[in-house]
Amino acid sequence: MSKSIPLMTLVDVAKQIADGHLSSLEVTEACLQRIEDLAPKLKCIADIDPDAARDQARKADDKRAKSGATGPLHGVPLAHKDMYYRKGRISGCGSKIRADFVSDHTSSALTRLDDAGALDIARLNMVEFALGVTGHNDVMPTPRNPWNTEHFTGGSSSGSGASVAARLVYAALGSDTGGSIRLPAACCGLVGMKPTLGRVSRYGAMPLSHSLDTVGPLTRTVGDNALVLQTIAGEDKKDPTTSALAVADYTGQIDIGVKGLRIGVPNRHFYDGIDAGVETLVRASLDTYAAAGAEIVAIDIPESIAATNIMTSLITAVEGSTLHYEWLRDRYDDYGAQTRTRFSMGLMTPATVYHQALSMRAKILQDFAKAVFDKADILHTPMITMPIPKYSKSDSVGDQAFLDLITRFGQCTRPINYLGLPGLNVPCGFTDNGLPCSFQLVGRPFDEKTLYRAGYAYERENNWVNMVPEV
Amino acid sequence: MDHSDNTSLCHWLSRFQRLEMTAEQIADPAKSVTVFAQAIGEAASGMAFDTDPAAFGQLLHDLAPADLKSGDQK
């Protein structure tokens, strides 16, 4: 029994705990055993205190016995990217520079998960300061992909992807500035949601780029993901950039299907240079949608989409280098080569050009929204246009082949960050190298609900989420 | 002056920013300005002169589903 517990979905294990069929301590012990068995090989855990995890579980069980479950995640063991601050605890941010940083406050996302009854049992490794798409980290351990440890986990939420895919915990928070939730979700065969800019509070989360950063979950299923986002979404007075718009009910009608839903397919940018095997799997998912009653419509994407690549990189570099200015001056050698190279680019960018990149954002969004959402309810794209590469291709800075590789790696994610839109990663099979393949669903602002509805409809038509990597 | 340390940055800028800059140009901020501004200018070609960045946040809200605008925060 204990070996099967970690294989359950978050939704199922939460229900089992709430109903008293499983205790939080039983579940936590099963996860701790799996962590002990697999984490050393996967290098995904930055820090864990098993006794503290057990204490959390016992308190959850006591509380349930006295007054019932406190929330929808009561007693469920989670762990998060090591950039979510918790008062009195280290948040290393995947770096040497912050290896001993102890925050004096707790992030709002963690507070909301706490209030929902979730346990927080470990800090998860990540790309240095969340700046990188492969998962590679020059200065701290690089997490390994449970499907094949030689291949990218994707980044920057690399430990989140590896941990959830290996069934060490039931969900993990990531952060997404240019693809950092969706890419590890895609590489590790998970569901990953980058919410609309402003949907989830960033208070107490390590900043990289204020104009682009988003907070969201990586999970095994669409239903799990909707449950976690439901918990953390919404206005937060501690983060004035959060939206006051109401939060939709993500889980209530998730199973109503896609009959009549208009799904757009882009004619430009997203399929550029795509691998034939990947394209076959991604387009097959459109067949699934059509068979389920969705209307597939062609979308003429505005040519300005090409500019979003440069804009996203530029904004991230400028805002990141501004935040890191003093450390770049005083502790340059403590950064990994890839990180400091990208920050250096930001230091050189004129303020006028940066401001122009931000000013163009509304016009580009307006054109994109008109082209897509006048004809379709959601847009369907590939997520990564190639089979997941090996880490051996990710340990350089200036090599042309490597630069080509990672340029392509984020070609479908970066535009969505620039546009501020929600994007959901949905697994859709495996390529010939045995690594997962995914597609992306993009919605209108604050319409995560429709993405979950569509993701769920696809997921229930296949068996991808029940496949577990053999580490 | 030796600018060989900037070679990798040249490659990076070429791939990520589509900026063809020499190591000497990278070392000279005055020349960098010209190349960056030109690249952004080309990207913005044909677009109407836009308002300040705050318009983007408002547009996100304007494009949101109508039922979220009338509902109360949970």
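1. Val191(A) stands opposite Thr219(A) in strand 6 of chain A. Strand 5 (residues 191-194) and strand 6 (residues 214-219) of chain A pair in the antiparallel sense over two bridges; a pair requires at least two bridges found by DSSP. Helices (H or I, at least four residues) and strands (E, at least two) are DSSP runs, numbered from the N terminus.

2. This is a predicted model, in which local features need pLDDT of at least 70, side-chain atom pairs count only at pLDDT 80 or more, and totals for chains, interfaces and linings use all residues. Residues are numbered from 1 along each chain as its sequence is written, and chains are lettered from A and ligands numbered from 1 in the order in which they are written.

3. Strand 5 of chain A also pairs with strand 10 of chain A, in the antiparallel sense over three bridges. Here Met193(A) has Leu424(A) of strand 10 as its bridge partner. Six of the eight residues of strand 10 (residues 423-430) of chain A are buried, so this strand is largely enclosed by the rest of the structure. Buried means that 20 or more other C-beta atoms, placed from the backbone, lie within 10 Å of the residue's own.

4. Strand 10 and strand 11 (residues 436-443) of chain A pair in the antiparallel sense over seven bridges, with Gly429(A) opposite Cys437(A). Their hairpin has five residues between the strands, and Gly434(A) takes a positive phi near 85° there.

5. These strands belong to an open sheet of eight strands in chain A, with mixed pairing and the order 4-6-5-10-11-9-7-8. Strand 4 (171-176) and strand 8 (295-299) of chain A stand at the edges with a single partner strand each, so one side of each has no neighbour in the sheet.

6. Helix 7 of chain A lies across strand 4, strand 5 and strand 6 of chain A, at about 145° to strand 6. Angles run from 0 to 180 degrees between N-to-C directions of axes, which are lines fitted to C-alpha atoms, for helices over the stretch in contact.

7. The axes of helix 7 (residues 222-232) and helix 16 (residues 448-459) of chain A come within 9 Å and cross at roughly 160°. That makes the two helices roughly antiparallel, a term for angles over 145 degrees. Among the residues that meet are Ala226(A) and Leu229(A) from helix 7 and Tyr452(A) and Tyr456(A) from helix 16; contact means C-beta atoms, placed from the backbone, within 7 Å.

8. Chain B has five helices and zero strands. Buried residues make up 26% of its 74 residues.

Key:
Parallel < 35°, antiparallel > 145°, perpendicular 65-115°, else oblique. Contact = placed C-beta atoms within 7 Å. Buried ≥ 20, exposed ≤ 12 C-beta atoms within 10 Å, placed from the backbone.
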